[in-house]
Amino acid sequence: MNLPDEISSYLKSVFEESRNPLCFLIDRDFALLDWWGFSEAYGYKNLQSGASILDHAPFLFGMLGSKTEVLPFVTTPTGGTVEVHILPHKRRFFVILLSATRDHDTHQQRQQTANELKLLHATQRQLITRQRTLIGELVEAKAELDHRRREAERSNANKNQFIAMMTHEFRTPLSSIINYADLALEADTSEADGRKSSEAIARASRHLLNLVETVLHEARLEAGHLKLRERSFNVQELLDDLSTILAPLAAEKGIAYATYLEDNVPAVLYADDVCLRQILINLLGNAIKFTETGGVSMEVAWSDSQLLIAVNDSGPGIDLADQERIFGAYQRAERADALSQPGSGLGLTITIELTRLMQGHFDLDSEPGRGCKASLRVPAKPSSMPSEDDVVLPAPAVELDAEGTATILLCDDDEDLIDLAEYYLQRAGYGLLVARDGEEAVEKALQYSPDLILMDINTPRLSGADAARQLREAGFSAPVVALTASDVRKLDQRDFTVSLRKPIQMPRLLAEIRRHLR
Amino acid sequence: MNQVNSKVCVVGDFAVGKTSTVERFVNNHFSDKYLTTIGVKVDTAEVDLTQDLKLKLILWDIAGTTEFKHVEMAYLRGMSGYILVADGTRLTTISAARELKTQIEATHGELPFVFLLNKSDLQHAWEVSDRQREKLVNEFSSELFVTSAKTGDHVAGAIARLAELIAERELFGPQ
């Protein structure tokens, strides 16, 4: 069909109105040779023959070839969206631009919806994955919590069991103390019975103190607060102390107690003797506790800068399974005879921890029926003389004779302790002033200038530590001995001549007084 | 000053931030509104290579796709290099970028490119694990950039690196 002219003309006008055709003729170097059409519809206002078309249509760069190219939607910052046709023609190129904004917008709406849906699905998928991960983490966290709860319950049960055991352990010596004290107070008690009661009270008290020390020691070890404090000490004196404490226990059970010190062991060593003392008390105490016949012996040797100690006993021995179990806190060998023995169950745990702390080695060699050999190897350095900063010196044997005429100021709010000190200090020949709180102590010290002050730290109104500081600031220069139940290392050593841990045995206190008055 | 024209195509899956990256580089602007690109958006920017030479980049921001069809292949014609863009919050866009790179290499040979792992500002929503990122570093080495069109992080650095690679190729030919 041939279209009538008016129809062709109509179609042409419709096409031109909707598509704004623009045609460039360019050469291979993008030089504009000629143009036709609606240039202003694309923002092309100053087209010039010979100028580069790339300034107006940069999208043509790289696109000229031997074939016709059609680019449906090309959007530029100034020209909107165009459909580009590139037609090679006799080594030149016709470039036809047709407005495509309307089509572009329709396409974009459709595509936008589709893409947003896809994004939504992707987000949903991510959320589901995340939800699954979270549920997994939640399940894991719950399992972990359950595990911890069970562990806490187990630990709690162990501690409860331990507390029940300790309560029993404390009650035994406490009831001894109460009963013997009552006995001693009875009017018709003979002197011999009174002495026997006093001895029993002293023994029970020492046992009680040992229990408390053991529990505190473990608590400090568990909390990681215990640090090595190395100093010089006399080996023979340490062994003598141990004999003083432990030989009577062995004698009570009718078993032998012996110590062997080899000649090559240096007389004075540099190490943490407090730790070592605790270890040996535990080992020897255990050995005595479980040995019913025969005896307990300790051999001390020296090799390669190490102290080698073996504690042997002729007790029932420990099988391998029990040896494994023994290394856990609060657990003692599940033997009938072990359970029948008193003790906190912490001794060996503490021994092992302390040996580690001293960078030593601990070994147990035992079989049921063959006794037990506990071997200890700890590094130490030979030294020349014991340290002066001794805060836990062993109690020397002190004769309670009159020693001097010095005046001592005792600051303490415990009436029993005041009575006791009064008895011992006056018997030793000292004049005694008493203050019942820190303020009174400061007043009396400045008024009477005593030769030495025994200062309790936990006193009413003004603490012993503050009182000592005030006295030092006021120029008081005589020795001030701190008496405290807490850690003596927490005290300011500039204010105190020496710090002693309570409870203190009177002979030991007298020895300290004599040493500082000298 | 001498100027060299260079066509660079920006390709990647839909909504990975191609348009935003170009907009950040060319106009230092960012819009949070997502607007799908249809066909191609063409823009230009200049990068100074030396005191006497600058590269005019003709940036072809091509509509997001996971695979080039015939029309999109036409858009790639005459390019000197390309920018692959993936979205760190959608792991699938990384595979799409790899697929597009393979297609480009099959039709145009090895060309200078940079790989932009975009949306670093949304790290909390990233699907790309550290191990996968390590793998990408091994795969793309110095051509990998973790970018954010939103904050502009590393966008200019990545495109400057591509300009360098293109200039090296123009001056010294394919390595």
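I began with polar contacts between chain A and chain B, and the count came to twelve residue pairs, both residues at pLDDT 80 or more; a polar contact here is a pair of N or O atoms within 3.5 Å, where within protein one must be able to donate a hydrogen and the other to accept it, and residues adjacent in sequence count only if both atoms are side-chain atoms.

I noted that this is a predicted model, in which local features need pLDDT of at least 70, side-chain atom pairs count only at pLDDT 80 or more, and totals for chains, interfaces and linings use all residues. Residues are numbered from 1 along each chain as its sequence is written, chains are lettered from A and ligands numbered from 1 in the order in which they are written, and side-chain values use heavy atoms, with hydrogens and water left out.

I then looked for salt bridges (a side-chain nitrogen of Lys or Arg within 4 Å of a carboxyl oxygen of Asp or Glu), and the rule finds one across the interface. It joins the side chains of E69(A) and R77(B) at 3.3 Å, N to O.

Next I checked the extent of the contact (heavy atoms within 4.5 Å), to which chain A gives 29 residues and chain B gives 26 residues. The buried area, meaning the accessible area (1.4 Å probe) that two parts lose on being put together, summed over both, is about 2,300 Å², with 62% from carbon and sulfur atoms. Of the area that chain A buries against chain B, F61(A), L119(A) and Q126(A) supply 21%, more than any other three residues.
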